[in-house]
Amino acid sequence: HVNVGDLLVRQDDQGYQLGVVQAQAALNAAQLTLDQLQAPPTERDLAVAAANVKAAQSAYNGLLSTIDPNTISAAQLRYQQAQTAYQDAVQYRRDVGGQFKTDSPTYQLALAQEGQASFAVEAARLQVQLLQHGVDGRVLTAAKARITAAQAQLDRLKAGAQPIEIDRAKLAVEQAQTALDQAKQQQANTQLHAPFAGVISLIGVKVGTLSIGAQAGGAIPAIVLTDTSQLHVTLNVDEIDIGQIHENQPVTFTLDALPGAVLSGHIDQIALAANAAVGTVVTYPVQVTLDPSSAAAKVGMTASATIIVRQLPGVLRVPNAYVRLDRRNNQSFVNIVNADSTLTEIPVQLGLRTEVYSEVLGGLNEGDKVGINLDTNFSLLGN
């Protein structure tokens with residue numbers, strides 16, 4: 001026996017646990033982004049952004065200062081000095097060449113000094129040329145772009161996040177929350193809980209086997225749980241009679257396993273669709289809930305049911321055996337027993353009929369005797 005909510009079967013959920021952890025981490029990240037957008041900037045953030053603007057401006061100003069006329073004049077002077085030093089080095093190397101052999105250390109040193117002076121002249125010339133042509137426009141554009149970006153960052157911190165940015169961040173949080181809910185639901189689906197209290201009558205799974213869905217398309221039930229708190233009987237009612245059936249109609253039962261026991265109940269549900277036809281017979285499932293009883297009824301017993309479709313108390317009735325039906329003229333007749341024991345056939349009006357009796361609406365009175373003319377010498381009498 002299990003109670004409602006008890007755990008019946010648990011599927012391995014390690015993969016689903018990881019999915020929940022990942023979805024929770026994504027939700028935390030989305031929420032952190034939203035919180036940062038909605039939170040006001042700190043003094044430190046503003047100070048750093050302002051410092052970045054100043055640094056970008058200084059770099060740009062430094063590039064502009066390189067084309068100052070004074071800077072160009074100084075470079076030209078250095079170029080002239082380098083040319084003079086180069087000419088002196090050339091003259092010294094010539095003088096040494098007239099006194100020492102070309103492979104002597106003194107001549108080699110003079111030759112090296114001449115080469116060094118030549119390199120200095122070229123470097124000074126290139127410096128003058130660079131200053132005269134100015135800084136590359138692409139370098140200045142990039143430096144100006146850095147100023148713009150740094151200023152935009154500072155302005156954004158001061159103004160706060162734009163509404164569209166906050167809306168996008170909120171949407172990201174909602175999507176992350178939905179993903180987390182789905183991950184949790186998938187993990188919850190790995191557990192089967194009892195939907196009601198009852199008795200487990202069949203276990204269709206085993207520990208360590210594949211999940212239910214992998215077994216014949218899920219045709220094997222994991223658990224069969226029987227609700228024993230309220231017994232019911234399922235009847236198959238012929239389509240001819242189903243029109244007389246309605247909910248809450250009283251029903252009486254006899255059980256093959258409990259001779260003499262009579263149970264009662266009422267119709268609880270009537271199926272809208274018929275059972276699969278067997279031959280030419282079409283039936284509809286009707287569920288009947290049993291009333292409380294001391295009878296030892298058990299699940300699975302065979303029952304015979306009588307459905308009371310109509311009740312008429314205090315009516316005049318006559319056994320069906322005493323009624324003659326003229327179906328061609330749609331008339332009914334009975335034989336009245338006269339005082340001399342002879343029979344006289346009279347028409348009667350009938351109402352409700354069962355397999356045994358017919359209700360008499362007119363033509364007879366209570367106490368009248370009716371009979372059946374079996375032959376000329378014998379009559380069956382009845383009341």
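1. Thr283 is found in strand β8, which covers residues 283–290, and the model in which this residue is seen is a predicted one. Because its relative accessibility is 16%, which falls under the 20% cut-off, Thr283 counts as buried. If neighbours within four places in sequence are left aside, the residues in contact with Thr283 are Asn236, Val237, Asp238, Ala274 and Asn275.

2. Strand β6 may be read next, with attention to its two faces. In a regular strand the side chains alternate between the two faces of the sheet. In β6, which runs over residues 250–255, the covered face is made up of Val251, Phe253 and Leu255, while Pro250, Thr252 and Thr254 belong to the uncovered face.

3. Which strands pair with β6, and in what sense? Strand β7, residues 258–270, pairs with β6 in the antiparallel sense over six bridges, and the two strands form a hairpin that has two residues between them. Within this pairing, Leu255 stands opposite Leu258 in β7. Strand β9, residues 303–307, also pairs with β6 in the antiparallel sense, here over five bridges, and Phe253 stands opposite Ala305 in β9. Both Leu255 and Phe253 are on the covered face of β6.

4. A last point concerns aromatic rings. Arg317 lies over the face of Tyr357, at a distance of 3.6 Å from the ring centre. As for pairs between rings whose centres lie within 6.5 Å, the count comes to zero aromatic pairs.

Terms used: Residues numbered from 1 in each chain as written. Predicted model: local features only at pLDDT ≥ 70, side-chain atom pairs only at ≥ 80, totals over all residues. Heavy atoms only, no water. Phe/Tyr/Trp six-rings, centres within 6.5 Å; stacked < 30°, edge-to-face > 60°. Lys NZ or Arg CZ within 6 Å of the ring centre and 35° of its normal. Buried < 20%, exposed > 50% of the residue type's maximum accessible area, 1.4 Å probe, protein only. Helix = DSSP H or I, 4+ residues; strand = E, 2+ residues; numbered from the N terminus. Pairing = 2+ DSSP bridges. Contact = heavy atoms within 4.5 Å.
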